[in-house]
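Here are a few friendly notes to read alongside the model. Please keep the view open as you go through them.

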Amino acid sequence: RGRLKFIGEDDRHVRPELHQARTDLWEDLPNVIRDYFYWKEPYLPHHNTPQTRGPKGGRDENTGNILHPPNNFLMMLLYPTQCDY
C-alpha cells in the first residue's frame, strides 16, 4: 500500500531530478516501445503510413537522436506506506 505520483512534462520545474529520471527512463526504452507513444490513433489498427506513424523509434529522422518524451509518457513512483508481506 502506498501513494502514487506521476511525473510528466509539467513537473520539470518542480523536481528537476525527477524530470531527468523520466528522460533517462524514456531514453532507455527500446525503439519499438517508444513507437507506441507516438501512435496517433491507438484505437485503430496500426498502419505504417506517414499519416498514422510518428517519428520512428521516437528519434529525429535527420539526426537519429532520441526525441524528448511526449506528454503522454509518464513516470510512476510508488511511495510505500505499508508492506503486507
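This is a predicted model: local features need pLDDT of at least 70, side-chain atom pairs count only at pLDDT 80 or more; totals for chains, interfaces and linings use all residues.

**Notes on the salt bridges and the fold**

1. Arginine 1 and aspartate 84 form a salt bridge, with their closest N and O atoms 3.4 Å apart; the term stands for a side-chain nitrogen of Lys or Arg within 4 Å of a carboxyl oxygen of Asp or Glu. Arginine 1 sits in the segment before strand S1 (2-7) and aspartate 84 in the segment after S2, so the pair ties together parts 83 residues apart in sequence.

2. Residues are numbered from 1 along each chain as its sequence is written, and side-chain values use heavy atoms, leaving out hydrogens and water.

3. The whole structure holds three salt bridges. Another one joins glutamate 9 and arginine 22 at 3.2 Å, N to O. Glutamate 9 lies in the loop between S1 and helix H1 (16-28), and arginine 22 in helix H1, 13 residues apart.

4. Is arginine 22 buried or exposed? Arginine 22 is buried, with a relative accessible area of 0%, while arginine 1 is exposed at 59% (buried is under 20%, exposed over 50%, partly exposed in between, with a 1.4 Å probe and protein chains only).

5. Along the protein chain the elements run β-α-α-β from the N terminus (DSSP runs: helices are H or I of at least four residues, strands E of at least two, numbered from the N terminus).
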